[in-house]
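User: I have a structure to study for class and would like to talk it through. Could we go step by step?

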Amino acid sequence: LPVALAIVVIIFQLSFPAPAHFLNVLSALSFAGLAVFAGGPLTALVLARATGGQKDGENGGILVKQKGENTAREVLRGGAAIGYLERVAIVASIVVGHPEVIAAVIAIKGLGRFSELDNAEARERFIIGTLTSFIWAVVCGAVIVLPGGALG
């Protein structure tokens, strides 16, 4: 709903009266919070739809079986915490005017997870989850800074 309202404000170039600065800051903080905290459930929903509701492991990772193994091992643990941090970094980089930081976030995440991406299923979930989280954070960050947005 807040994203839809922001899009309407941008499309129709609506503006606020004099005390708008306070409202703009409040709106920007709301969208930043929405980017960070609503991104997790959104990503989980997209992953559930994409993987047919595959169950997570005890630590929030995914369970994968290697060829020739009888038991599954858990990979990509800590994804929720990493997701919160990446969305904070993305929104902050957009708001301060340095979107190139997003490339560093992608690089850090990819390098940090590289050793766990030897399984096709893990790679697929990593890509889907990362893109969903990044796109959500970029959209919310753009609503904050684009002309007609919270701070634009």
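This is a predicted model: local features need pLDDT of at least 70, side-chain atom pairs count only at pLDDT 80 or more; totals for chains, interfaces and linings use all residues.

User: Fine. How many helices and strands are there in the chain?

Analyst: The chain has 5 helices and 2 strands. Starting from the N terminus, the order of the elements is α-α-β-β-α-α-α.

User: And what share of the residues is buried?

Analyst: Of the 152 residues in the chain, 33% are buried.

User: What about contacts between residues at least 6 apart in sequence: what share of them join residues at least 24 apart?

Analyst: That share is 67%.

User: Let us move to the helices. At what angle do α3 and α5 pack?

Analyst: Helix α3, residues 79-95, and helix α5, residues 120-145, pack at an angle of about 30°, and their axes are 9 Å apart. An angle under 35 degrees counts as roughly parallel, so α3 and α5 are roughly parallel to each other. The crossing in which α3 passes α5 is right-handed.

User: Which residues make that contact?

Analyst: From α3 the contact uses G83, E86, R87, I90, V91, I94 and V95. From α5 it uses T130, S133, F134, W136, A137, V138, G141, A142, I144 and V145. Sorted by class, the contact of α3 with α5 has 11 nonpolar, 4 polar and 2 charged residues.

User: How do α3 and α4 pack?

Analyst: The angle between α3 and α4 is about 160°, with their axes 9 Å apart. Angles over 145 degrees count as roughly antiparallel, so α3 is roughly antiparallel to α4. The crossing of α3 and α4 is right-handed.

User: Which residues are involved there?

Analyst: On the α3 side, they are G79, I82, E86, A89, I90, S93 and I94. On the α4 side, they are V101, I102, V105, K109 and R113. The classes in the contact of α3 with α4 are 7 nonpolar, 2 polar and 3 charged residues.

User: That leaves α4 and α5. How do their axes cross?

Analyst: The axes of α4 and α5 cross at roughly 160° and come within 13 Å. This makes α4 roughly antiparallel to α5, and the crossing of α4 and α5 is right-handed.

User: Which residues meet in that case?

Analyst: In α4, the residues I102, V105, I106, K109, G110 and R113 meet F126, T130, F134 and V138 of α5. By class, the contact of α4 with α5 has 6 nonpolar, 2 polar and 2 charged residues.

User: New topic. How many salt bridges does the structure hold?

Analyst: The structure holds 1 salt bridge. It is formed by K109 and E86, whose closest N and O atoms are 2.8 Å apart. The two residues are in distant parts of the chain, with K109 in helix α4 (residues 101-113) and E86 in helix α3, 23 residues apart.

User: Why can such side chains pair?

Analyst: Side chains of opposite charge can pair when their charged atoms come close.

User: Are K109 and E86 buried or exposed?

Analyst: A residue counts as buried when its relative accessible area is under 20%. K109 is therefore buried, with a relative accessible area of 15%. E86 is buried as well, since its relative accessible area is 4%.

User: What does T130 touch?

Analyst: Apart from neighbours within four places in sequence, T130 is in contact with E86 and K109. T130 lies in helix α5 and is buried, with a relative accessible area of 11%.

User: How far apart are T130 and G110?

Analyst: T130 and G110 are 20 residues apart in sequence, and in space they are 9.7 Å apart, C-alpha to C-alpha.

User: One last residue. Where is T132, and is it buried or exposed?

Analyst: T132 is in helix α5. It is buried, with a relative accessible area of 15%.

User: And which residues does T132 touch?

Analyst: Not counting residues up to four places away in sequence, T132 touches L42, T43 and V46.

Conventions: Residues are numbered from 1 along each chain as its sequence is written. Side-chain values use heavy atoms; hydrogens and water are left out. Axes are lines fitted to C-alpha atoms, for helices over the stretch in contact, and angles run from 0 to 180 degrees between N-to-C directions. Helices (H or I, at least four residues) and strands (E, at least two) are DSSP runs, numbered from the N terminus. Angles under 35 degrees count as roughly parallel, over 145 as roughly antiparallel, 65 to 115 as roughly perpendicular and the rest as oblique. A crossing is left-handed if the near helix is turned anticlockwise from the far one by less than a right angle, and right-handed if clockwise. Contact means heavy atoms within 4.5 Å. Ala, Val, Leu, Ile, Met, Phe, Trp, Tyr, Cys and Pro count as nonpolar, Asp, Glu, Lys and Arg as charged, and the others, Gly among them, as polar. A salt bridge is a side-chain nitrogen of Lys or Arg within 4 Å of a carboxyl oxygen of Asp or Glu. Buried means under 20% relative accessible area, exposed over 50%, partly exposed in between (1.4 Å probe, protein chains only).
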